[in-house]
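Here is a walk through one chain, from its overall build down to a single residue. Keep the 3D view open as you read.

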Amino acid sequence: MAEHIVLESVVPFEQGGSRLDQIAAHCFPDFSRAKLQAWIKQGELTVDNEVRKPKDKLYGGELLRLNAQVENDETHQPEEISLNIVYEDDDIVVLNKPEGLVVHPAAGHHSGTLLNALLHHCPDLASVPRAGIVHRLDKDTTGIMVVAKSLAAHTSLVAQLQDRVISREYEAIACGVMTAGGTVDQPVGRHPTQRTKMAVIESGKEAVTHYRVLHRFRAHTHVRVKLETGRTHQIRVHMSHIHYPLVGDQVYGGRLKLPKGASSEFIDTLQQFKRQALHARQLGLYHPATDEYMEWEIPLPDDFEQLLQMLSDDQHQCYE
């Protein structure tokens, strides 16, 4: 079964001079570049009601109109995978993602993902872009996520993300002792030489991360982080950039640093914490159908709590 969609977007003036297909990818981020190019060629994505070519340059201010059929996603198969659902109605699913669950199929992870689980839980999601997934958490990041169950809900949530209306807060444990909270406002993009990594680079997209100190330990800091934007690996990249990488981050963490006189148990616990100490704690949004503001908060997972307890015990032993 296919779903008919009609979407409109005005081309931002800062996108002027770029190709139509590039601008379309910016204005309609829920569809692949290849799909958008096909719609442009078929005349289903028009510029000021005119059919144009994918390579045509635009000036800014034009009206893009997408009027097309979205076919069911037949490339990904439903899989019976347990989901920890916090809230669900006809429009959205709010869930608690565990450690180790990949959100969307990619190279090396073609099955066993959250998307496969969602298709099994709600087969109608096959007609919604990315099975309703509007934002992602890294494989080893735990916590709260929202999924759209209809195209209308999907459009609403994507718009809220773009307008920075959705509230997303995380808790993390950083290496090093922070003196105070702050904001990191640095563009994030693909690393120029290591293509699997992200980095703070001048040509990257705007990325803003706010953080505040919850508790300081001897050599670590427990922080609350609020995202203003949602770039890939944003928190991990930004915290590493200001020299406070997250505990357990195998990609951006650098060499493990230990406080003087650390016990063997303390060292072993830190060395065995093999994922980034990052948890999506809180999510707030306007319901796509009712426009009611809703908010959820997810407790810290056991391994995160155990790590905090170990850091606290170490600090107390140090002062005894």
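Among contacts between residues at least 6 apart in sequence, what percentage join residues at least 24 apart? In this predicted model, the figure is 65%.

Next, the secondary structure. The chain holds seven helices and 14 strands. The C-alpha trace spans about 75 × 40 × 40 Å along its principal axes.

Of the 320 residues, 49% are buried. The chain exposes about 16,000 Å². Carbon and sulfur atoms supply 46% of that area.

Charge comes next. The chain carries 33 positive and 43 negative charges. The mean position of the positive charges lies 9 Å from the mean position of the negative ones.

Finally, zoom in on one residue. T113 sits in a loop. That loop runs between strand β5, residues 92-97, and helix α3, residues 114-121. Is T113 buried or exposed? Its relative accessible area is 0%, so T113 counts as buried, the cut-off being under 20%. Which residues does T113 touch, leaving out those up to four places away in sequence? They are I81, L101, V102, V103, H104 and P105. Select T113 with these partners in the viewer to see the contacts together.

Methods
Residues are numbered from 1 along each chain as its sequence is written. This is a predicted model: local features need pLDDT of at least 70, side-chain atom pairs count only at pLDDT 80 or more; totals for chains, interfaces and linings use all residues. Side-chain values use heavy atoms; hydrogens and water are left out. Helices (H or I, at least four residues) and strands (E, at least two) are DSSP runs, numbered from the N terminus. Buried means under 20% relative accessible area, exposed over 50%, partly exposed in between (1.4 Å probe, protein chains only). Contact means heavy atoms within 4.5 Å. Accessible areas come from the Shrake-Rupley method with a 1.4 Å probe; for residues, only the protein chains shown count as cover. Lys and Arg count as positive and Asp and Glu as negative; His and the chain ends are not counted. The place of a charge is taken as NZ of Lys, CZ of Arg, CG of Asp or CD of Glu.
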